[in-house]
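Trainee: I would like to learn how to read a model like this one. Can we take it one feature at a time?

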Amino acid sequence: MFSPEGIKRVVIKVGTSTLTHSTGRLDLRHLETLARVLSDIKNMGLDVVLVTSGAIGVGMSKLGMTVRPKELRYKQAAASVGQCELMHIYDKFFLDYSQVVGQILITKSDIIEETRREKVESTFEALFELGAIPVVNENDTTGVDEILFGDNDTLSAEVAALVNADLLIIFSDIDGLYDCDPHANENARIIPRVTEINADIRSLAGGAGTKLGTGGMVTKIHAAEVCFESGIPMVITNGSRIENAYDILAGHISGTLFMKD
């Protein structure tokens, strides 16, 4: 059984659909709620890491792009603009709750290469010791395809393993993993717990996410595999209800829990 006792460090991932309206503009109400809830969790004595998507989507909106660019340099340009906007907003909202945030941009090389991994680990630990909340995103601005994760679901799982987190919560645009496509079948039911990733579970994953984001259930299943390897429980829950984090940390799972027996 999942037990909240002993949880000292939690990684929380938010997707583009949680952070933005359908117009691509930032959803300030959700961002304010996110900052408030995470700050409150920090005040409870837990280390908190926020893995955020949205840089490319926000940058697209600010640059007047209506379709996600395919060419790498335009993705990087959008990420550059969007990252500034995101961190400005995060800094403002978290300061309203007396919390300091620090930005960490990561590529796959930072995880794979031992020396770079150690430096990243050291930076996280220093931020924890100083009482700051690390805000993590993939370094889309300078990364190339060969060294990119390509989705922040996988990145959040790798970060959870990197910092030895006790729990990963992924806020999504869906309530959890369903036993069939909820868009096609009104009788679809959420699977409350997954204890192994097998062919049946993989078959339940659909395609990619929205036009502004890259994530979908496929990437979340892959994130769960990373968490299984590291022995870290992972929960998928609906990002429209950020307060679900309180229930999850109290042991009441809203969504799907991925955890071995």
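Trainee: At what angle do α6 and α7 pack?

Mentor: Helix α6 spans residues 114-129 and helix α7 spans residues 152-162; the angle is about 75°, and the axes are 10 Å apart. Angles from 65 to 115 degrees count as roughly perpendicular, so α6 is roughly perpendicular to α7.

Trainee: How many aromatic pairs does the structure hold?

Mentor: There are 2 aromatic pairs. In one of them, the ring centres of Y90 and F94 are 6.2 Å apart and the planes lie at 50°, so this pair is tilted.

Trainee: In which helix do Y90 and F94 lie?

Mentor: Both belong to helix α4, residues 72-95, and are 4 residues apart, which is about one turn of the helix.

Trainee: Are Y90 and F94 buried or exposed?

Mentor: Both Y90 and F94 are buried.

Trainee: What is the mean pLDDT of the protein chain?

Mentor: The mean is 89, and 92% of the residues reach 70 or more. Over residues 207-215, however, the pLDDT is below 50. This stretch has 27 contacts in the model beyond near neighbours in sequence. Where pLDDT is low, predicted coordinates should not be read in detail.

Conventions. Residues numbered from 1 in each chain as written. Predicted model: local features only at pLDDT ≥ 70, side-chain atom pairs only at ≥ 80, totals over all residues. Heavy atoms only, no water. Axes fitted to C-alpha atoms, helices over the stretch in contact; angles between N-to-C directions. Helix = DSSP H or I, 4+ residues; strand = E, 2+ residues; numbered from the N terminus. Parallel < 35°, antiparallel > 145°, perpendicular 65-115°, else oblique. Phe/Tyr/Trp six-rings, centres within 6.5 Å; stacked < 30°, edge-to-face > 60°. Buried < 20%, exposed > 50% of the residue type's maximum accessible area, 1.4 Å probe, protein only. pLDDT = per-residue confidence, 0-100. Contact = heavy atoms within 4.5 Å.
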